[in-house]
Amino acid sequence: MADIIQLLPDSVANQIAAGEVVQRPASVVKELVENAVDAKADSISINIKDAGKTLIQVIDNGKGMSDTDARLSFERHATSKIKNADDLFAITTMGFRGEALASISAIALVELKTRKKEDELGTFIVIEGSKVESQESISCSKGTSFSVKNLFYNVPARRKFLKSNTAEFNHIISEFQRIALTNPEIEFKLYHNQSEIYVLPKTNIRQRIVSIFGKRINQNLITIESDTSIIKIGGFIGKPEYARKKSGEQYFFINNRYMRSAYFNKAVLKAYEQILAPETMPSYFLYLNADPSTIDVNIHPTKTEIKFEDQQAIWQILHAAVKQALGKNNIAPSIDFNIEEGFQIPVLSKDTEVRMPKVEIDHTFNPFEQKLPSTRNPQSAKMSLEKGNLTNWESLYSGFENESKIGETDNFSTLSAEGNQQGLNGTNLNAKYFQFKNKFILTPVKSGLMILDQKRAHERILYEKYLYSLNSESIASQKSLYPKTIELDAKDHALILEISDDLKSLGVDIEDFGGNAIVVNGMPVDSGSQEAEQIIDKFINEFLSSEVNTKVQAQEKIAKALAKASAISGTQVLNSEEMREMVDMLFACQNPNYSPFGKLIVSIIKTEELEKRFS
Ligand code: ADP
Ligand code: MG
């Protein structure tokens with residue numbers, strides 16, 4: 001029988017390869033713009049017509065090509081970027097496969113104009129379906145201009161499957177943004193059907209992010225930096241309150257190349273756990289740098305999936321770096337305290353006796369009768385460590401502490417007047433904590449005036465305590481003298497019995513009473529003034545409403561719901577001791593800045609901001 005195998009003609013081979021490299025107009029944009037970046041251009045313009053279906057033009061001012069190189073650039077596996085297999089392990093350019101131009105020219109009409117700086121004349125090539133139609137010398141500006149027309153003209157199936165112009169243009173924008181975000185030192189312009197979409201001047205990474213995503217993002221970026229022998233991580237993560245319902249502004253770059261990684265994405269998301277509002281996604285722009293020999297970009301022609309030698313170690317480093325950056329952002333108010341700047345020591349009147357400051361803190365006092373976990377447990381050791389800064393300076397000044405409960409008024413102006421008066425009498429110092437509208441706690445800190453939402457703060461404190469108790473030491477239950485029976489509907493009844501063991505470890509002691517009723521034998525010792533019935537009712541409501549979020553585990557849900565149900569109500573009078581205790585306990589928490597529901601707890605009005613108002 002005759003031999004039947006034959007080599008495919010180049011044009012067919014290229015067309016097949018094109019199927020992998022060029023999925024849609026956006027792929028062409030990506031390949032051409034990456035080539036311009038590799039050619040060291042510092043200004044790149046992109047003109048698109050009909051979402052790239054009619055025209056994709058990329059003009060750069062890079063190094064250009066000689067006549068011969070221009071012709072060769074369309075050959076398959078023709079590249080100037082690597083020479084041998086070893087180079088594959090030290091890739092520093094975006095391209096290296098030498099496939100893009102061969103593929104694109106197999107499925108479109110391509111015109112190339114290019115000139116090197118040192119050449120007088122440039123070259124102009126027209127190529128269609130892998131066939132060179134013409135090549136001639138022309139005068140043109142330095143650099144390279146590619147025009148790709150009628151994409152997929154000879155692959156009708158592909159053309160038919162292109163999406164709407166809006167959808168295809170969105171893909172182009174995504175590719176454009178990824179490249180623009182890694183090359184802030186290059187000026188980029190993007191036009192669609194002659195209207196300007198982006199004009200991005202040369203700048204730094206932060207400003208580039210801002211020029212792409214808008215001014216609002218600027219104050220919502222937290223710098224991240226981590227330098228280890230395996231990997232360097234730089235860039236920005238979004239503040240939790242900037243998190244969005246949709247995903248989108250999430251970028252990983254490795255050695256200046258955009259990369260997709262569900263695995264590393266998890267490392268970031270895990271660091272944000274519990275400080276995001278439900279169903280929201282944080283933004284991040286993370287630039288990783290690793291020795292090129294430890295990564296493999298050679299996995300897929302579109303090169304967005306990348307293999308790492310030290311995946312797991314990098315996961316840990318990344319997770320820690322994000323967590324640390326978030327922590328710095330969160331903890332800021334607590335290390336910000338500075339009593340010397342925050343308070344004025346009153347002038348002593350003549351007949352005041354000078355007293356030595358003495359330490360008078362009652363460490364056992366707790367307004368909500370909520371004992372912090374005892375020192376026997378590790379978390380409490382950590383808590384007191386973190387608290388260290390805070391309580392130490394306080395004890396130094398405690399001799400000046402005010403005994404009067406000036407926090408009991410709900411009007412801030414009366415408060416200040418009262419505080420002043422005491423200062424004048426020379427008997428005492430202004431109170432450190434003020435309550436406003438029975439809702440907010442105000443206290444001076446080094447950088448300005450700190451304002452806390454007391455209900456949210458309490459929710460956070462209880463939540464962390466409950467979560468801790470669910471996993472280790474149980475909270476004592478206070479037995480009721482007259483156990484209360486509560487009627488529930490069948491569903492709630494079944495639900496609450498299902499989680500009764502967990503509730504018991506939080507001090508909520510319930511039993512089945514038969515029918516759809518339960519009997520409450522005891523509530524946590526710290527459940528405050530609320531009726532058991534009220535708390536259970538709120539708890540069930542909250543527990544059920546949070547059920548949509550499948551990611552949150554059962555225990556977290558219980559802790560959250562119970563924290564919300566037992567926290568003080570929206571407005572409640574607190575005296576200054578209670579406020580102080582609240583602030584101390586809040587800053588002993590792991591995430592003092594946000595409630596378990598992702599709501600902001602702490603806000604600071606900067607001194608400069610205040611001064612500006614009076615200037
Ligand atoms: P690769 O980028 O993988 O090398 P391409 O097919 O994209 O493969 O490009 C082939 C070659 O053409 C490149 O290696 C480069 O030498 C040259 N080239 C492509 N675009 C440009 C450009 N805009 N400026 C200068 N040279 C270019
Ligand atoms: Mg290329």
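Guide: Buried means under 20% relative accessible area, exposed means over 50%, and partly exposed lies in between (1.4 Å probe, protein chains only). This is a predicted model: local features need pLDDT of at least 70, side-chain atom pairs count only at pLDDT 80 or more, and totals for chains, interfaces and linings use all residues. Residues are numbered from 1 along each chain as its sequence is written, chains are lettered from A and ligands numbered from 1 in the order written, and side-chain values use heavy atoms, without hydrogens or water.

Start with serine 73. It sits in the loop between α3 (67-72) and α4 (100-106); helices (H or I, at least four residues) and strands (E, at least two) are DSSP runs, numbered from the N terminus. Serine 73 has a relative accessible area of 12%, so it is buried. Beyond neighbours within four places in sequence, serine 73 is in contact (heavy atoms within 4.5 Å) with Met65, Leu101, Ala102 and Leu112.

Now isoleucine 16. It belongs to helix α1 (residues 10-21). Its relative accessible area is 53%, so isoleucine 16 is exposed.

Last, a sheet. Three strands form an open, antiparallel sheet in the order β19-β21-β20; strands pair if DSSP finds at least two bridges between them. β19 (477-487) and β20 (509-514) are the edges: each has a single partner strand, so one side of each lacks a neighbour in the sheet. β20 and β21 (residues 517-524) run antiparallel, joined by five bridges. Isoleucine 510, for instance, has valine 520 in β21 as its bridge partner.
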